[in-house]
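Please keep the sequence and the model in view while reading.

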Amino acid sequence: MASQGTVAGGTIKALWRYPVKSMAGNKIDEALITEGGILGDRGYAVIDGTSGRVGSAKTPKKWGALTALAADFVRPPEAGASLPPVRVVWPDGTDATSDGGDVDARLSETLGRPVALTTKRPETISLERLDPLAEEETIVDIGELMMEGRFSDYAALHLITTATMARLAELRPESEFSARRFRPNVTIATPEGETGFVENDWVGRELAIGDEVRLRISDPTPRCSIPTIAQKDLAKDPQVLRTIVEHNSLPVPLLDGESLPCAGIYGFVVQGGSVKRGDAVRVI
């Protein structure tokens with residue numbers, strides 16, 4: 001039962017960590033939440049050897065092939081230590097590790113340009129994003145929004161509720177609204193009877209997760225083209241974004257109140273700690 005001054009938000013259904021930006025991540029049963037989010041999340045990225053830009057599937061023509069790759073750490077990351085190497089797995093089942101000799105060459109061949117897999121951020125961060133609402137192809141640079149020390153686009157954590165995904169599926173049953181399309185860190189199973197885009201009302205409030213973690217919810221999460229592109233068994237589906245555009249476009253404080261299609265929320269860490277699947281989520 002929620003205590004006075006809080007509302008039950010649900011429970012953690014799934015935790016996700018993405019060791020390499022834009023590659024498939026992995027479900028984990030528990031996570032250490034640090035100031036930067038889940039330990040190890042987006043700790044690595046692929047860097048364009050010519051332009052120095054961070055590789056991101058937000059520009060699918062250049063980097064969409066990243067989503068067909070999967071990555072995991074060769075051993076669990078530890079607080080206070082350097083990140084362990086990652087193993088990258090190709091669709092054919094072959095793999096290479098970041099401390100091996102050929103991972104950069106293999107990634108360069110896959111992506112069609114010279115690249116390097118690294119934990120080191122360029123001195124000047126540049127990350128391109130395709131504007132999903134522009135009639136003509138329009139690319140903007142959102143590098144200045146990226147978190148310090150990691151390759152996250154903006155906030156420490158991205159969260160989405162089962163209620164939001166159920167509402168989208170109700171609006172367009174022909175599409176598959178899997179959490180994997182949206183690449184959240186935390187999927188929250190909302191209480192029975194909670195329907196619609198419930199986390200919209202959490203913006204500007206705090207979430208308490210488990211016994212330790214507290215998050216400040218800053219913004220609804222504006223969606224780009226990534227949820228529409230093919231990912232493993234998920235087919236390409238432009239209607240995913242169009243459904244969000246039609247039914248959940250919101251002003252985004254981060255972007256000076258610009259109205260954008262949103263699904264999920266961004267959270268910054270007020271107090272870190274350990275969380276696990278099944279932990280209660282409370283809205284303060």
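**Salt bridges and a sheet**

D41 is buried, with a relative accessible area of 1%; buried means under 20% relative accessible area, exposed over 50% and partly exposed in between, using a 1.4 Å probe and protein chains only. The model is predicted, so local features need pLDDT of at least 70 and side-chain atom pairs count only at pLDDT 80 or more, while totals for chains, interfaces and linings use all residues. Residues are numbered from 1 along each chain as its sequence is written, and side-chain values use heavy atoms, with hydrogens and water left out.

The partner of D41 in a salt bridge is R150, with the closest N and O atoms 3.1 Å apart; a salt bridge is a side-chain nitrogen of Lys or Arg within 4 Å of a carboxyl oxygen of Asp or Glu. R150 also counts as buried, at 10% relative accessibility.

The structure holds ten salt bridges. Another of them joins K58 to D153 at 2.4 Å, N to O. Both residues are buried: K58 has a relative accessible area of 10%, and D153 one of 16%. K21 joins K58 and D153 in a network of salt bridges. In the pair E174 and R172, at 3.8 Å, E174 is exposed at 60%, whereas R172 is partly exposed at 23%.

The sheet is open, with three strands in the order β6-β7-β8 and antiparallel pairing. Strands (E, at least two residues) are DSSP runs numbered from the N terminus, and two strands pair if DSSP finds at least two bridges between them. Between β7 (residues 86-89) and β8 there are three bridges, and V88 has A96 in β8 as its bridge partner.

Notes. Helix = DSSP H or I, 4+ residues; strand = E, 2+ residues; numbered from the N terminus.
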